[in-house]
Amino acid sequence: MHPVPPVPAERLPALLAAMPKAELHIHIEGSLEPELIFALARRNGVALPYAGVEDLRRAYAFTNLQSFLDIYYAGASVLLQSQDFYDMAWAYLERAAADQVRRAEIFFDPQTHTARGVAMETVIDGLSRACRDAKRIGVDAELILCFLRHLSEEEAFDTLEQALPFRDRFIGVGLDSSEVGHPPEKFARVFAKCRQQGLHLVAHAGEEGPPAYVWAALDVLKVERIDHGVQSAQDPALMKRLAQDRIPLTVCPLSNLKLCVFPDLAQHNIRQLLDAGLCATINSDDPAYFGGYMNANFLQTFAATGLDAQHAYRLARNSFEGSFAEASAKKRYVEELDAVFAAA
Ligand SMILES: [Zn+2]
């Protein structure tokens, strides 16, 4: 591990903003800003149940996962053509590049679109073209297809079937949407099939759900990363397992704040996760809805919890270690990270 020199507190925000990092937990549909939703609605002639951008922004005052998901699915209704998916992904990738994100592993929810009659190919084509073009702005971007866990495993199998012709354009699968009442075991067979296909496996677990869901994601679904996972702190044996196996947790502080997983950022357990030796990372989840992209998550979390430069280095390094990038790319990212810290 690179020795991290002490950094005066007033210089920490600039370091957080400038350090290279990977984003491992971003739902591309959750990056849709109200302005783009209205622009796409106009382009596609879609009527929205909101008077305008400000009216839609006001509706973002949700207080739990379900009320958020209701607005999230309404926003996605403007996405119809390949170019719409491209524009959405490109808007995110430009913001990621500005936040010094070198690697982005982007979730997408095909069922949100195929259920509205949009073809799988349309979704994947637009998103994957944007990911390919992102190299131009210094971001290595890959796609992870997520199954909506409030739907059935049969529907997940159908989705996988539709996506397999485009297998070369996504690197893994995940599990998202309403967690409580939809334990990982529900998707054991479809994850086994994805594993046979050589896809990387991740799942949301332990956001609002109990530690038992994290155990099941690891032992039944055999995931390589846990998305969120903050409830793991309730279970010492689980914390030990996560630390020993270096299972990355893709933690999303501003999302946790907005969805009231923690009452305020100062009480977030990110420090506890890091101090226990976990491969915890910081991510934005649904940045248009939760009040901030990557650097906003870093800056606000550090300001609220008093994390220091050592934590910053570990978080950035964990993000590269926890990514599905090739070893040579990881080495390159970490060298750049070390150079930034050496100059700090
Ligand atoms: Zn998420």
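Figure 1. With 10 C-beta neighbours inside 10 Å, Gln 244 counts as exposed. Here a residue is called buried if 20 or more other C-beta atoms lie within 10 Å of its own, exposed if 12 or fewer, and partly exposed in between, with C-beta atoms placed from the backbone. Gln 244 is found in helix α11; helices (H or I, at least four residues) and strands (E, at least two) are DSSP runs, numbered from the N terminus. From C-alpha to C-alpha, Gln 244 and Cys 279 are 9.8 Å apart in space and 35 residues apart in sequence. A word on the source: this is a predicted model, in which local features need pLDDT of at least 70 and side-chain atom pairs count only at pLDDT 80 or more, while totals for chains, interfaces and linings use all residues. Residues are numbered from 1 along each chain as its sequence is written.

**Figure 2. The protein chain as a whole, before we zoom in further.** The protein chain has 17 helices and 8 strands. Its radius of gyration is 19 Å, close to the 20 Å that the globule rule gives for 344 residues, so the chain is as compact as a globular protein of that length. That radius is taken over C-alpha atoms, and the rule is 2.2 Å times the number of residues to the power 0.38. Taken along the principal axes, the C-alpha atoms fill a box of roughly 55 × 40 × 40 Å. Of the 344 residues, 49% count as buried. Two residues are in contact if their C-beta atoms, placed from the backbone, lie within 7 Å. Among contacts between residues at least 6 apart in sequence, 76% join residues at least 24 apart.

Figure 3. In the unreviewed entry, UniProt lists residues 20-339 for "domain: Adenosine deaminase". UniProt positions are given in the numbering used here, feature names are shortened, and annotations may be inferred rather than shown by experiment. The end C-alpha atoms of residues 20-339 lie 10 Å apart. This span is 49% helix and 15% strand.

**Figure 4. Glu 207, listed by UniProt under "active site".** The listing of Glu 207 comes from the unreviewed UniProt entry. Where is Glu 207 placed? Glu 207 sits in the loop between β5 (200-205) and α10 (211-219). Glu 207 counts as buried because 24 C-beta neighbours lie inside 10 Å. Leaving aside neighbours within four places in sequence, Glu 207 is in contact with Glu 179, His 228, Val 230 and Val 261.

**Figure 5. Helices α5 and α7 where they cross.** The axes of helix α5 (residues 82-98) and helix α7 (residues 120-133) come within 7 Å and cross at roughly 35 degrees. Axes are lines fitted to C-alpha atoms, for helices over the stretch in contact, and angles run from 0 to 180 degrees between N-to-C directions. The crossing of α5 past α7 is right-handed, a term for a near helix turned clockwise from the far one by less than a right angle. On the α5 side, the residues that meet α7 include Phe 85, Tyr 86, Trp 90 and Leu 93. On the α7 side, Val 123, Leu 127, Arg 129 and Cys 131 are among them. The residues of this contact divide into 9 nonpolar, 4 polar and 3 charged. In this count, Ala, Val, Leu, Ile, Met, Phe, Trp, Tyr, Cys and Pro are nonpolar, Asp, Glu, Lys and Arg are charged, and the others, Gly among them, are polar.

Figure 6. Phi of Arg 246 is near 50 degrees, a positive value in a residue other than glycine. Arg 246 lies in the loop between α11 (236-244) and β7 (248-251), and counts as exposed with 12 C-beta neighbours inside 10 Å. Cys 260 is not a glycine either, yet has a positive phi of about 60 degrees. The loop between α12 (253-258) and α13 (270-275) holds Cys 260, which counts as partly exposed with 13 C-beta neighbours inside 10 Å.

**Figure 7. Leu 307 in its loop.** Leu 307 is placed between α15 (294-305) and α16 (309-321). Is Leu 307 buried or exposed? Leu 307 is buried, since 21 other C-beta atoms lie within 10 Å. Neighbours within four places in sequence aside, Leu 307 is in contact with Arg 271, Thr 301, Phe 302 and Ala 312.
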